[in-house]
Amino acid sequence: MATTTLPGAVRAPRAAARTRRRVAGLVAAVVLLVVALLLGLAVGARPVALGDVVRVVASLLPGGAVPGDVAPADVAAVLDLRLPRTAAALVAGAGLGVAGAVVQAVTRNPLADPGILGVTAGSAFAVSIAVGFAGVTAASGWIWFSFVGAALAAVTVSLVGGAGRSGGSPARLTLSGIALGAVLSGITSSIVLADPRRFDAVRAWEVGSLADRGWGPVATVAPFVVAGIVLALLVSRPLDAVALGDDHASSVGVSVPLVRVAALVVVTLLAGGATAVVGPIAFLGLMVAHAARGVVGASQPWTIGLSALLGPVLLLLADVLGRVAAPPGELSAGLVTAAIGAPVLIVVARRLTGGAR
Amino acid sequence: MTGLVPRRDDPAVDGRRDPRLGVRRPGLGRLRPRGRRAVATAAVALVAVVVAVLALGLGDYPLSPPEVLRALLGGDGPASTIVLQWRLPRVLAALLFGAALGASGAVFQSLTRNPLGSPDVIGFSTGAYTGAILVIVSGAASTIGTALGALAGGLATALVVYLLAWRRGVHGLRLIIVGIAVTALLHSVNSWLLLRAQAEVALSASFWGAGSLALVGWPQLLPAAALLAVLAVLVAGLARPLRQLELGDDAARAHGLRAEGTRLALVLVGVALTAVVTASTGPIIFVALAAPQLARRVVRSAGVPLLGAALVGGLLLLVADVVAQHVTTTPVPVGLVTLVIGGAYLISLLVAESRRTR
C-alpha cells in the first residue's frame, strides 16, 4: 500500500479526511433513511400529506393524541397499514444489506448477494415446506424453517461453486447460486400453486412483496436481525483480514474457519430473517454493499454499518416505487429491486472480467 | 464433459475429432460412428412416440395405449373426442415446441461454443416474451402479430446482451451473467406490463409467467406449427454451414462460406424458433439449455447434434408437461417443471466441472 511509505505527517491529514468522509456518509445515510421512512408512510393508493404523517406518528409518543383535523381513514392508512409495512422494510432491508456486505467479504466475490447466491430462495423453499406440509401458519413457526433453509442453501452453493477455494471463480459461484435459486424457487412456486388456498397467507410474500404485513412477522424477526447485525459488527475486523486472503488472515492471527462459520451464522440470521418477513428479494444486498463500499472504502466495520442504513432506504424506496408504478395494482418490492439491481450486476461483471477471456 | 469456459482442446469446441470415437465399445459402439448416431437418434424418436401415446392416455378419463391408438387411427366415440380434440394438440405442442427450443439451443450453443450460451440463459426467451406482451397489450393480438412481436423482442434482447457483454471480445461467463441480469430486469418489466394491462383488459397472458401449454388448442397450434415448419427448413439448410463455422471462421471461409452473413442468418433463425414458441406459451426456461447437451451425450457426437437436440427437446418438454399436469394435485405451468429440471442439470454441470478442475 502506497500510504505506508508516506511519513506520518502526510498520512494523518489523509486519514482525517477519510474519517470525515465516512462520518459524512453515515450522516447522509441517516437523513436518507428518515426521508425514505416518511415517504413509505405517506405514499400509496391513499396519499397522506407529509405534515399529517409526522403528526400522526408523533401521536404514538407517550402523552400524544391523534390530531383531530386528520381524516380517520388517513390515520388508519398510516398507523394500521403502512407503519407495519415500513417496519418490515426497515428490518428486512437492514438484514439484506448487511448480509450482502458480509457475504461479499467472506467469499471475496463482488458479484455475491444473498438473493443471487440462492440463500433467500433456500429460505423461501423451507418456508413453503413449513406452510404446505407441516401446517405452520405463523411467522414465529416458519422463521426456524427459514433459518435452516438459508443455512443449507448457503453451504450447498459454496460447495458447488467452490467459494474460498483457489479453484472457484466469482462468476462460477454466482452461476451456482443462480442455478440453485432457480431449482428452489421453481419447486416453491409449484408447491404454492398446487394448493393456493393454504398459501393465501404467503402468496404475496412469495414474490417478495411488503403488502399486507401485520406486526407479527416483524416482531418475531426483529430480535434475530439485530443479533445478526451485532455479530456482523463483531466479526467485521477479522473479515477485513480475510478479505486480503486466507494466508494473510492466518498470519495476523485470525482463524479463517472460525470467521467463515461466524459469517455463515450472520448470513443465516439476516437473510433467513429478512426472507421470513418479506420473501425472497434479490440484488438488494449487492447494490447496498457496493454503494456503501464506494463511500467508506475498504473497511468492513464502516461498510457493514452503512449497509445497515442504506438497505432499508433502498427497500423502502423500491416499495414506494412499486406502489405508484402500476395503479391500482402494486409491483412487488422484489421486482423493483431486481429492475434496479440488474444493471449494477452488469456493471460489476464487466469490471470484474476485463479482457476477452 | 464440456467446460463452461471453452478450451481449445475441447471436442465440443473443436468439432474436428473426438478421441473417444476411436475406442471400440460393446453394443452400439461396434457400429461405425455415423450408423451409431443414426440408431441413437432413431431410438430417441421412438421413445418420444411411446411417451406421447402414454401421455394421450393420461387424465381424468384414463385410456389404455390400444384405446389411444384406435382413437388416433379413426375410431369413434368419446375416446376419439378426448384424444383428438383435447389431448392431442397439447401433446403435439409439447413435442413441436420442445423440438424448436432444442434446435434453437443447439444453434446458439454451437455459435457461442459454450454449453451455457443458450437463448433461455442469455435472456432471449424473456425478451421475446416482452415483445409478445407489448403486442398483446397494444390490442393487435393475432398469432402472427404476437410471433413477430416476440421475434423483435428476442432480437433486440440479443443485441443488447451482446453489446453489454462486449468488451474486447465476448467472455463466456460475462455473457451469461449479463444475460441473467437482463433476464431479471425483463422479468420485472414483464410483470409491470402485465399488471398495468390487467387494469384495462383481462388477459390470459398473465397466466404465462412461467410458460404453460394449458391454453394451447388446435387454433393456437396450427399457425405456430406452420411457422415452425418454415423455420425447420431454414435450419436444415443452415446445418452444414453451422458445422463449418464450428471449425473457426478461417476454415469456414476457406470452404467458401461468408462467415458473418451465415452467423447473422443463424442468429435470426435461432431467435425466431424461440420467439414462435414463446409467443404461444410464454417463456419456457432451460429446455434449450439442457436438450442439446443431453443429445450430445446420447448420440455421443463431438459437436452439438441439431436433429438430436430437437428430438431430445421434444421428449424433454413432453415429459415435463406430463409431470406438470399429473404429478401435483393441481396442474402447474410446465415452465416451473423445466426450471427445476434445467436448474438441477446446470448444478450437475458445475459440480462435474469443479471435479475436473480440482
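A residue is buried if 20 or more other C-beta atoms lie within 10 Å of its own, exposed if 12 or fewer, and partly exposed in between, with C-beta atoms placed from the backbone. This is a predicted model, in which local features need pLDDT of at least 70, side-chain atom pairs count only at pLDDT 80 or more, and totals for chains, interfaces and linings use all residues. Residues are numbered from 1 along each chain as its sequence is written, and chains are lettered from A and ligands numbered from 1 in the order in which they are written.

**View 1. Chain B as a whole.** Of the 358 residues of chain B, 51% are buried. Chain B holds 13 helices and zero strands. Helices (H or I, at least four residues) and strands (E, at least two) are DSSP runs, numbered from the N terminus. Contacts here join residues whose C-beta atoms, placed from the backbone, lie within 7 Å. Among contacts in chain B with a separation of 6 or more, 72% link residues 24 or more positions apart.

**View 2. H3 against H8 in chain B.** Helix H3 (residues 78-112) and helix H8 (residues 218-246) of chain B cross at roughly 25°, and their axes come within 10 Å. H3(B) is therefore roughly parallel to H8(B). Axes are lines fitted to C-alpha atoms, for helices over the stretch in contact, and angles run from 0 to 180 degrees between N-to-C directions. Angles under 35 degrees count as roughly parallel, over 145 as roughly antiparallel, 65 to 115 as roughly perpendicular and the rest as oblique. The crossing of H3(B) past H8(B) is left-handed. That term applies if the near helix is turned anticlockwise from the far one by less than a right angle; right-handed means clockwise. Residues of H3(B) in the contact include B:Leu92, B:Leu96 and B:Val107, and those of H8(B) include B:Trp218, B:Leu228 and B:Glu246. The contact of H3(B) with H8(B) has 13 nonpolar residues, one polar and one charged. Ala, Val, Leu, Ile, Met, Phe, Trp, Tyr, Cys and Pro count as nonpolar, Asp, Glu, Lys and Arg as charged, and the others, Gly among them, as polar.

**View 3. H5 against H8 in chain A.** H5(A) and helix H8 (residues 215-234) of chain A pack at about 50°, with axes 9 Å apart. The two helices, H5(A) and H8(A), are therefore oblique to each other. H5(A) passes H8(A) in a right-handed crossing. A:Ala139, A:Ser140 and A:Ile143 of H5(A) meet A:Gly216, A:Pro217, A:Thr220 and A:Val221 of H8(A). Four of the residues in the contact of H5(A) with H8(A) are nonpolar, three are polar and none is charged.

View 4. A:Val136 sits in the loop between helix H4 (119-132) and H5 of chain A. A:Val136 counts as partly exposed because it has 18 C-beta neighbours inside 10 Å. Leaving aside residues up to four places away in sequence, A:Val136 touches A:Ala130, A:Val131, A:Gly141 and A:Trp142.

**View 5. Where chain A touches chain B.** Chain A gives 40 residues to the contact and chain B gives 41. Helices H5 (139-161), H6 (170-194) and H14 (333-352) of chain A each give two or more residues to the side that touches chain B. H6(A) supplies the largest share of that side, 16 residues. The side of chain A that touches chain B has 25 nonpolar, 11 polar and four charged residues.

How values were computed:
Two residues are in contact if their C-beta atoms, placed from the backbone, lie within 7 Å.
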